[in-house]
Amino acid sequence: MKLRKQVTVCGGAIFCVAVFSLYLMLDRVQHDPARRQNGGNFPRSQISVLQNRIEQLEQLLEENHQIISHIKDSVMELTDTGAVSPSGHLPFRSANGSWVLPFDRRPTYLAIKSQDCQFASVSRDQTDVQMLDVYSLLKFDNPDGGVWKQGFDITYEANEWDNEPLQVFVIPHSHNDPGWIKTFDKYFTDQTQHILNNMVVKLAEDPRRKFIWSEISYLSKWWETAEPQKQEAMRKLILEGQLEIVTGGWVMTDEANAHYFAMIDQLIEGHQWLERNIGVTPRSGWAVDPFGHSATMPYLLKKSNLTSMLIQRIHYSIKKHFSSTRNLEFMWRQAWDTGSSTDIFCHMMPFYSYDVPHTCGPDPKICCQFDFKRLPGGRINCPWKVPPKPIVEANVAERAQLLLDQYRKKSKLYRSKVLLVPLGDDFRYDKSLEWDQQYINYQKLFDYMNSHPELHVQAQFGTLTDYFNALYKTTGVAAGSRPADFPVLSGDFFAYADREDHYWTGYYTSRPFYKSLDRVIESHLRGAEILYSLAVATARHEGMEGRYPVTDYSLLVDARRAVGLFQHHDAITGTAKENVVIDYGNKLLRSLIGLKRVIINAAHFLVMKNRDFYRFYQTEAFLETDDRRATQDALPQRTLIELDPAGPRYLVVFNPIEQERLCLVKVLVNTVRVRVLTEDGQTLPVQLSAQWGSATQMSAEVFQATFMARLPPLGLAVFHLYDSADSPMTLRSDTLLRLSSRSVTARASDPLPVHSQLADPQSFYISSQFLTLGFSGSTGLLEAKQAAVSAQRSQQTSPFCCWNTLSSVRVFIFPFVLLLHVQSIKRKDDSKEVKVQIQFMVYGTSPSKDKSGAYLFLPDGKPKPYNQKEPPVVRVVEGPLFSEVVAHYQHFEQTIRIHNVPGVDGLSIDISTMVDIRDQSNKELSMRLSTDIKSDDIFYTDLNGFQIQPRRFYQKLPVQGNFYPISSQAYIQDSRHRLTLHTAQALGVTSFESGQLEVIMDRRLMQDDNRGLGQGLKDNKRTENRFRLLLERRSFGNKVSSSGTSRLSLISHMTSAILNHEVLPLPVVPKRRGIPPLKTFAPLMSKFPCDFHLLNLRSIQNKQDGLTPSPYTALLLHRLALDCSIEAQNLGFNCTTTQGQVNHTRAFHTFLSWLNSQSSILPRKIGPV
């Protein structure tokens, strides 16, 4: 105490000296004779001198302010003994060997209102068609259907249309992929710009001509360079209904791998562009090329005010079934909808493709004769060897009758006498000649049909909405309403097969490196949007808009469009040419660099304690980014923080989720002499560990410092890092290398000694207060040889949990197998153990002519276990904050890590698998989890991270037909337990047997699969696949729902959030003049309901230029549905639900009034975020 008083007095004296020095400097400036010589009337020549001296004064003020700040830091460091933690004791090992950490003893509570559980579990109306039932019903055989190979013979009576003529709408279109065989820019230069230029001219020649367009990314690029008269002509065609913009997204998004954040964002970007430049809102959706269709898309379109939609790529057996039952048009309803609020009218195309031979009717040989681009002498022809004929007076009657026969047969598959006939294909209408060939010849056919009443047909060109409006009119309902006797459907349309056993399930995993990069950038985009909106609102409120880099908005726009472009169904799917993939990668990397700049600029402004000292320099960043990527295909390299004994380094940590976060923060430092303090001077526990360059070589100059921190929601916390004497709160990891032979040696350095030993079969363990994992001594993988090991109730309970007393979750892991003894609220009569076996498996490709490729998964049967001749090197790291086991194999490196942190971060197992199969040929690597959970043939996958879809394994389907896409999680469950595999990247998953989950990690294929790409998958990268494995227990008496819907628990929602939105540690760049005082930034003034997710806080574009922000901001909220039958666990933060009500103004305090927020709530959904 005496020493503390002495130091305080010394610090106060230094402070007084500094203040007195500042006074003298001010006095000197005030009495400067040069300043007074003209009585305050400054000659023009002396104005610059005055300005320089004012700037010098400002600099002196800032330097003195920084000196005072350093004095405060010095006093803080001197008075802190390093032995006093927030709770007053040091980390220690308990009797069972686990580490016990000092906590702040802040109580937390969980208060989920019963109404919020009822909202998620209320009974739902039965739909007429449930896709799980359809799958159970169908045989999935493939008999020859005649001219319609995958269908059946269609007949009709000649007088069927006597009382109500057939209305035919021929819809010209051109499908423009924003990258596939060529890059986005190359396609635009070679083809798309010509399509749009011709469109303006050719549609204006005849008001009867119609056309539809989908991809706003291309329309925007054309608009940028089009002359004003062309822009006005395009606008006129759209406003007058000759040209319709369908869907209106930036791209025609993939629906399997895309996350719903990006799906919504690309819709917003496209719709905002249309509103700003054209003044229209799309009414109908058009999706002819995504490889299967998700139930998420109709929900998003309905919420975007579309009334109708069209889909195409559906399994041929389902198309045949729907055609035979005339269910090709239906109201698509969400499985969790309690009424009909999510219904949207959907049209399914019945035949093989969206090209002309497969759209006029069931016989492609005849339909091809009416694709007039294939007239003799052209570059393409009809494969059926019967070419089209120009329509002339001599043949018009015969040709019209032939075409009308196809129209009538196709119409027999639908319930109304209104028929939709697409007329187009990929990149069609790029030549002026084709516009004439198609429109002139078809108009002759229409004129003939319409002038002969005995044909009972009215044919014309139309747009998609023209067709839907005519259908609604004939059925007597309002647009978007359900016509009488039309079915209601729920479910999705995965997996897609176009013929035979050719299932498009390979692309769920193809090029996983870029799938992972996409999700990293999406998280950065969301974080940058939020921080930018808050920073600009603050700057405007404080009159500092001119000093803040508002122009960073252009970086946000670029990133939105790059992420939007990558959602294209040949981009995120991994199904483009190698040079196109590189182009996508470069665009993504540029956007990531830009987003990191937006984040550090916003964070700099928001953490300033006194913004009078805020200075922004374009070439001199205040903060460093958390990591860097050298190239578009490189893994990130984390930023090194170089500590200096002369003074502290400051670290700003961003928490991008809307709940308070108790978690581990990891940084790289250049010394083992590390002490971490909070903003108010509390010393935090730190675990030091080595940085490894290979399996056996560690760095002598770079180390990892891990500390536990509590971060404000959506906030920025400030920490001080010191290079100082060892602190009792800083502990070094214990590291053991288990080597396969004496010929393998470890290269270690003294700062962090490493022990090594020869591997032996004896099991070894790592543990936290909540988990204990056991590993095979010989393989370093999870095993299950000692299933009889019993779990004892932990004596350590979390001081964070006052709402319930939780004992630990005990996990015993042995090679390939994980035993989890769930004892949270354990009943004495429950001794149930759940075994989880993790294996790595390898698939080959089919020996037949058709083989796996970028799209198709055609394996050579069931997978075989992965084998390696040499035993692996296994590294075991133990410490107070985390423990991990790293097993190094030839083609993968698996890290299993547990965090000794109360709450969400400590309740699941962190699994990271670095995969490198670049030396393999026609191999696919998978990770399989086998358990004793009695899931039978049912498992669950997410759709776009938005909702959960039940799945069933069918023996009648081939291996590849039982795979499904996951974006965020998959799980299995029984009456007692649920095991969820959370993923940070989109992949393909299945469940072959009861209690199994299997996920494909990477695939390397040497050949094309004959779907147009012309390449195999040979550009593999070293890729990190990240997961969280969460075991939960069902509350006593709660059974698995049989309603056909399922949803995540609250802890599972939060586990997904922390996996996909990692904290960003941003080091403050050292300054010669010192660092101005910083403070934690916490934008939320009250707790956010924990059943709401803040999807985005998106600054709206200025209507004038689109590259600067308007005064308005879109607040997108998403209410989460909770499975309350899963036992609650300690989240580590206060959690309440509010029956769907959010007090926006209260939560964001004054920010919302500054933001001019326009809120949008995505309501009532069952499923994860």
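Leaving aside neighbours within four places in sequence, Glu434 is in contact with Lys373, Arg428 and Tyr429. Glu434 belongs to helix 14, and it is buried, with a relative accessible area of 2%. The model described here is a predicted one.

**Around Glu434**

- The C-alpha atoms of Glu434 and Asp371 are separated by 9.8 Å, and the two residues lie 63 residues apart along the chain.
- Tyr429, one of the contacts of Glu434, is also a member of a cluster of rings.
- Ring pairs link that cluster, which consists of Phe211, Phe370, Phe372, Tyr429, Trp435, Tyr439, Tyr442, Phe446 and Phe461.

**An open sheet and its helix**

- An open sheet is formed by 6 strands in the order 4-14-10-11-9-8, with mixed pairing.
- Strand 4 (129-130) and strand 8 (284-287) each have a single partner strand because they stand at the edges, so one side of each is left without a neighbour in the sheet.
- Helix 10 (residues 296-303) packs on this sheet and touches strand 8, strand 9 (308-311), strand 10 and strand 11.
- The direction of helix 10 makes about 130 degrees with that of strand 11.
- Within the sheet, 4 bridges pair strand 10 (residues 329-332) with strand 11 (residues 344-348) in the antiparallel sense.
- Met331 stands opposite Phe345 in strand 11.

- Strand 29 (residues 764-767) and strand 30 (residues 772-775) run antiparallel and are joined by 4 bridges.
- Phe764 stands opposite Phe775 in strand 30.
- In a regular strand the side chains alternate between the two faces of the sheet.
- In strand 30, Thr772 and Gly774 point one way, whereas Leu773 and Phe775 point the other way.
- All four of these residues in strand 30 are buried.

**Aromatic pairs**

- A search of the whole structure finds 59 aromatic pairs.
- A pair of aromatic rings is described by the distance of the centres and the angle of the planes.
- Phe169 and Tyr467 form an edge-to-face pair, at 6.5 Å centre to centre and with 75 degrees between the planes.
- This pair links distant parts of the chain, since Phe169 is in strand 5 (residues 166-175) and Tyr467 is in helix 15 (residues 464-475), 298 residues apart.
- Phe169 has a relative accessible area of 9% and is therefore buried.
- Tyr467 likewise counts as buried, because its relative accessibility is 0%.
- The rings of Phe330 and Phe493 form a tilted pair, because their planes are at 40 degrees, and their centres are 6.2 Å apart.
- Phe330 lies in strand 10, while Phe493 lies in the loop between strand 14 (488-490) and strand 15 (497-499), so this pair also links distant parts of the chain, 163 residues apart.
- Both Phe330 and Phe493 are buried.

**Charges over rings**

- The charged end of Lys666 sits over the ring of Phe882, at 5.0 Å from the ring centre.
- The charged end of Arg978 sits over the ring of Tyr971, at 4.2 Å from the ring centre.

**A buried serine**

- Ser912 is found in strand 38 (residues 909-915).
- Ser912 is buried, with a relative accessible area of 9%.
- The side chains of Ser912 and Glu1024 are joined by a polar contact of 2.7 Å.
- Apart from neighbours within four places in sequence, the contacts of Ser912 are Glu893, Gln894, Thr895, Glu1024, Asn1025 and Arg1026.

**Backbone exceptions**

- Most residues other than glycine have a negative phi, and most peptide bonds are trans.
- His456, which is not a glycine, has a positive phi of about 55 degrees.
- His456 is located in the loop between helix 14 (432-450) and strand 13 (457-461).
- Leu714, also a residue other than glycine, has a positive phi near 55 degrees.
- Leu714 lies in the loop between strand 24 (698-711) and strand 25 (716-723), and it counts as buried at 0% relative accessibility.
- The peptide bond that joins Phe494 and Ala495 is cis, with omega about 0 degrees.
- Ala495 is placed in the loop between strand 14 and strand 15.

Terms used: Residues numbered from 1 in each chain as written. Predicted model: local features only at pLDDT ≥ 70, side-chain atom pairs only at ≥ 80, totals over all residues. Heavy atoms only, no water. Pairing = 2+ DSSP bridges. Helix = DSSP H or I, 4+ residues; strand = E, 2+ residues; numbered from the N terminus. Contact = heavy atoms within 4.5 Å. Axes fitted to C-alpha atoms, helices over the stretch in contact; angles between N-to-C directions. Phe/Tyr/Trp six-rings, centres within 6.5 Å; stacked < 30°, edge-to-face > 60°. Buried < 20%, exposed > 50% of the residue type's maximum accessible area, 1.4 Å probe, protein only. Lys NZ or Arg CZ within 6 Å of the ring centre and 35° of its normal. Polar contact = N/O pair within 3.5 Å; in protein donor to acceptor, adjacent residues only side chain to side chain.
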